[in-house]
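I am starting a notebook on this structure. The entries below record what I looked up, in the order I looked.

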Amino acid sequence: MAETPCSDLSMTEEILGRYPAAEPALIQVLQDVHRAYNYLPCDVLERVAEALDVPLAKVFSVSTFYKAFSLEPQGDTIVKVCVGTACHIRGAGQLVEELQRQLGIGPDETTEDLKFTVKTVNCVGACAMAPVMIVGETYRGGAKAARMATYLAEGGDDEN
């Protein structure tokens, strides 16, 4: 893993200013930090631990416990492919293979230009629409590998 440069802490300071300087604010602060940076930079976690007076080990523990958080930079668009039973049977594997072909990355990887991150998820609760993928915030039911370029080009737009 390449060494990450120090982050601009001005966003962190602005986030910390919205919460009481105490441990109960930890998860909310981490959520806002993740939204701001698109991941949880280590130097930012050190600042959060200091500001909230929480041991750094606890901050890392919380950061790695929740799947919604990432310690690695994430792409601007997160592409999730459901690989639950219904989606698997209806072709989720083909969607993952097509993503690998088009983006050059596999699950839990991010393109070098930080445009896309691919993830596989166990179930999105939309089995009747299988296979399902989520591009940004847009659900694509009955997704087809042949339409992958269109899905990626549209990104997280709400238009289908």
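**Entry: N38.** I looked up N38 and found it partly exposed, because its relative accessibility is 22% and the buried class stops at under 20%. N38 sits in the loop that runs between α2 and α3. Its phi is positive, about 70 degrees, although N38 is not a glycine. I note for context that most residues other than glycine have a negative phi. The model I am reading is a predicted one.

**Entry: L114.** I then turned to L114, where phi is near 60 degrees, again a positive value in a residue other than glycine. L114 belongs to the loop between β2 and β3. With a relative accessible area of 37%, L114 is partly exposed.

**Entry: a peptide bond.** Which form does the peptide bond from A130 to P131 take, cis or trans? I read an omega near -5 degrees, and the bond is cis. Most peptide bonds are trans. I placed P131 in the loop between β3 and β4, the latter being residues 133-135.

**Entry: the overall layout.** I went back to the whole chain and found seven helices and five strands. Along the sequence they follow the pattern α-α-α-α-β-α-α-β-β-β-β-α. The C-alpha atoms fill a box of roughly 50 × 30 × 30 Å along the principal axes. The protein has 160 residues, and buried ones make up 40% of them.

**Entry: salt bridges.** How many salt bridges does a search of the whole structure find? It finds eight. Side chains of opposite charge can pair when their charged atoms come close.

I looked at R47 and E13, which form a salt bridge with their closest N and O atoms 2.5 Å apart. R47 is in helix α3 (residues 42-52) and E13 in helix α1 (residues 10-16), so this pair ties together parts that are 34 residues apart in sequence. E13 is partly exposed, at 35% relative accessibility.

The next pair was E98 and R101, whose side chains meet in a salt bridge at 2.7 Å, N to O. Both residues lie in helix α6 (residues 92-103), three residues apart, which is about one turn of the helix. Is E98 buried or exposed? I found E98 buried, because its relative accessibility is 14% and the cut-off for buried is under 20%. R101 is exposed, with a relative accessible area of 61%.

I also found a network: salt bridges that share partners join E14, R18, D32 and R35. Within it, E14 bridges to R18, and their closest N and O atoms are 3.8 Å apart. E14 is partly exposed at 46% relative accessibility, and R18 is partly exposed at 48%.

**Entry: two distances.** I checked how far R147 is from E98: they are 49 residues apart in sequence and 9.6 Å apart in space, C-alpha to C-alpha. R147 is in the loop between β5 (138-140) and α7 (148-154). Its relative accessible area is 40%, so R147 counts as partly exposed.

For Q28 and I15, 13 residues apart along the chain, I read a C-alpha separation of 9.6 Å. Q28 is in helix α2 and is partly exposed, at 34% relative accessibility.

**Entry: a surface patch.** I27, F65 and Y66 form a nonpolar patch on the surface. Together they have about 310 Å² of accessible area. I traced I27 to helix α2, residues 26-37. At 33% relative accessibility, I27 is partly exposed.

**Entry: the largest pocket.** How much space lies in the largest pocket? I noted about 810 Å³. It is lined by 30 residues, and the closest to its centre are H34, A68, Q74, I78 and K119. Sorted by class, the lining has eight nonpolar, 12 polar and 10 charged residues.

I also looked up which elements contribute to this lining. At least two residues each come from α2, β1 (77-82), β2 (109-110) and β3 (116-121). Which of the elements gives the most to the lining? β3 does, with four residues.

Technical notes
Residues are numbered from 1 along each chain as its sequence is written. This is a predicted model: local features need pLDDT of at least 70, side-chain atom pairs count only at pLDDT 80 or more; totals for chains, interfaces and linings use all residues. Side-chain values use heavy atoms; hydrogens and water are left out. Patches are made of residues with over 30% relative accessible area and no salt bridge: like charges are joined within 9 Å, nonpolar side chains (Val, Leu, Ile, Met, Phe, Trp, Tyr) within 5 Å. Accessible areas come from the Shrake-Rupley method with a 1.4 Å probe; for residues, only the protein chains shown count as cover. A salt bridge is a side-chain nitrogen of Lys or Arg within 4 Å of a carboxyl oxygen of Asp or Glu. Buried means under 20% relative accessible area, exposed over 50%, partly exposed in between (1.4 Å probe, protein chains only). On a 1 Å grid over the protein atoms alone, a cavity is a set of points where a 1.4 Å probe fits but cannot get out, and a pocket is an open set with protein on both sides within 12 Å along at least five of seven lines; lining residues have an atom within 4 Å of a point. Grid points are joined across faces, edges and corners, and a volume is the space filled by probe spheres set on the points. Ala, Val, Leu, Ile, Met, Phe, Trp, Tyr, Cys and Pro count as nonpolar, Asp, Glu, Lys and Arg as charged, and the others, Gly among them, as polar.
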